[in-house]
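Hello,

Here is the structure I promised to pass on, with a few notes to go with it. Please have a look when you get a moment.

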Amino acid sequence: MANASAPGDRAGGSWLAQASRGVPLAWRERRVARRTSRESLQLYRELEATRPQLSAVARYEQVIARRTGLDGAGVRQVLQHAEDSFASWPVERPLRFRDVVQYLVVHECLTADASAVGTRTRLTTIIAEVIPRDLWARPLRTRLRYPIASRYSRGRDPTTPPAASLVMTDSSPSTAPAGAASPATMTGGEALVAGLLAHGVDAVFGLPGVQTYGLFDALKRAEDRVRVICPRHEQSCAYMALGYAVSTGRPGVFSVVPGPGLMNAAAGLLTAYGLNAPVLCLTGEVPAAWIGRGRGHLHEMPDQLAVLRQLTKWSALIDEPGQAQALLALAFQQMTAGRQGPVGLEMPWDHFTKKVPVAAAGTLPPVPPPVADPAAVSEAARLLAAARAPMIMVGGGALAAAPEVRALAEALGAPVVAFRVGLGILSSEHELSHTIASGRALWDDTDVLLAIGTRLEIPDFRWRSKPAGLKTIRIDIDPREFERVPAEVELLADAAPATAALAAALARLRPGPQPGRRAASRAARAATEVAVGRLTPQIEFLHAIRAALPRDGYFVDEMCQVGYTAWLGLPVYEPRHFVTSGYQGTLGYGFPTALGVKVAHPDRAVVSVAGDGGFMFACAELATAAQYGIGVTLVVFDNGSFGNVRRDQQRAFGRRIASDLLNPDFVRLGESFGVPSCRAEGPAALERELKAAFGRPGPALIVVPVERDSEASPWELIIPGGR
Ligand SMILES: Cc1ncc(C[n+]2csc(CCOP(=O)(O)OP(=O)(O)O)c2C)c(N)n1
Ligand SMILES: [Mg+2]
């Protein structure tokens, strides 16, 4: 099985290499040109140009070797396994060629190397173009021969299925699961719950259905260790898990039925994807024997796994219940590796209740993050040391780097600018802390930008201008970011250690900050405070909220006038305490997300703001708040309209449509759910009612009437020049 040559020298190479090598270039190029867009052809040419790096088997061999600690023979065994997949794909359903390609490229390479994701995208695109379409979609008549894990194991007869072992578990002590034990007989549902407990999960936001009964019954038997909260709609399952995840940094878990249940949760998954939030979706499937047959079984969705994969960074089908814990451990590893993000696992209906031998798989160690190249760190430090007016921008990737960001900012005297997710990384009370509004005032003078864990939305989409001669340094854990927005110096690394390394290198070069930077920062903050102070009445409501909300309380925003203004005018003192839907701008996410925040932080105050439009997306969750005693304080600003849309339409078209709302009596609505509800006319009343609500256990609803069209637009401060 194993090939005797060294990694990279394998005669013939893997099928992957053959797929891109075996056909003459011109022929393939013509074929690609005939069938594909210009863009694809360009991509294809790029691949050809960089083939030595991209398609070389050596690259994958090295990557796998580095990640797993396997020796050359072990690596070749893994690759051999990949090639074997043609003949022995480990799922019990007809396969398409595409499945195999996805498996090889995504599963093998990604599992082994979280940083290979850019390559994955390129390779799957290219391979899709190069391989004839009829072959791409052709079913491969293969059936389960033996489960995945057995073929990774060294020295074991590959045709003997182990009960369940983790991918590559036998290969290296560094990847051996913690707490692995001998097999016990249990159902797929029980295996999942045991796996969740092994990962420290203490809450599951779930809405059951016939496919997932086995999971929920197992959860029932573990209810002393894991809390199950069942909201009134699947969207809220995902949002609650999201709130749990973003406010703690720990994975949030939810479960929904397949098909329509998964689709109902999709906006939440998409929002988690945009926020790089570690959220695990556990869903069902039609019974194993029905998968892929298109017969219209209950909740069947064509190629559900493909849909799930589009909404997550990694997803898998649990082919057989014995693999449940292994794949769950892999899901947790993926969710928290590199650039974090949501993951999905789907399990066929019958597997949830099928009893099989399952070894307790335990957990997998975290994938070690890449370490910044010391030469690049020195180069970045040199740029910063020579900078006259440096600026730091932070995003979600810097949430765990608050002390390091602060130290570096103080050493440089550099302003730290955050838009939404990054608010609180440097406390708003710090004189170097800036919102997107006050940061703008310092931008034109900036000569070096240090971007930490951010997509650089602010300069690219919002300010849309760059100071002449600007030099940019980026710290990011995702190598694709450097393809999207290249920088003069790119540090592929985790934010906290890379920022600390940069500060240390800087200290060796320059004793202190450039003079005058703090004064400039203070002046920009003061000037902007005046401008933001004109955003009435929203800013007055925000002052009231800040005055009432304890310092360690959580604020959950929304796509509403008070929400947008909060990005500019709500002081935030700690990272993760300002919860937002980020670039997805998901109307209606706020209240259910806040419920998840509160479940994770039962002893902290949590305030959720919403417009009358957004609130009604998930107002049924007042029932959930009441039933489970989840003490979120919800403030609904009732302006009888999709106010933002109304204003935009009026400005752009001079007329309006589909933006006026006829609302129920929100106070009576809240009361009908058993939630203490009141009306607060004006900021002073709001502050009073908030303080009262925070002083009581349980949820509260405060309705604030706002005159239609009375709100000042915050957009000029968010996107100067208009949108
Ligand atoms: C899922 C989703 N649907 C639609 C929109 C478009 N949208 C953005 S703001 C808005 C109106 C919000 O109205 P409301 O919640 O009452 O807040 P207001 O602007 O009135 O303060 C709409 C429809 C969106 N951002 N997200
Ligand atoms: Mg409104």
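A residue counts here as near a molecule when its C-beta atom, placed from the backbone, lies within 6 Å of it. By that rule ligand 1 has 18 residues around it, and the closest are Cys560, Leu587, Gly611, Gly613 and Gly643. The shell is made up of six nonpolar residues, eleven polar and one charged, where Ala, Val, Leu, Ile, Met, Phe, Trp, Tyr, Cys and Pro are nonpolar, Asp, Glu, Lys and Arg are charged, and the others, Gly among them, are polar. Helices H28 (612-615) and H30 (643-653) each supply at least two residues of the shell.

This is a predicted model: local features need pLDDT of at least 70, side-chain atom pairs count only at pLDDT 80 or more, and totals for chains, interfaces and linings use all residues. Residues are numbered from 1 along each chain as its sequence is written, and chains are lettered from A and ligands numbered from 1 in the order in which they are written.

Helices (H or I, at least four residues) and strands (E, at least two) are DSSP runs, numbered from the N terminus. Do look at strand E7 (residues 279-285): seven of its seven residues are buried, meaning 20 or more other C-beta atoms, placed from the backbone, within 10 Å of a residue's own. Strands pair when DSSP finds at least two bridges between them. E7 pairs in the parallel sense with E6 (residues 252-256) over five bridges, with Val253 opposite Leu280. Six bridges join E7 to E9 (residues 343-348), also parallel, and there Glu285 stands opposite Pro348.

Best wishes

Terms used: Buried ≥ 20, exposed ≤ 12 C-beta atoms within 10 Å, placed from the backbone.
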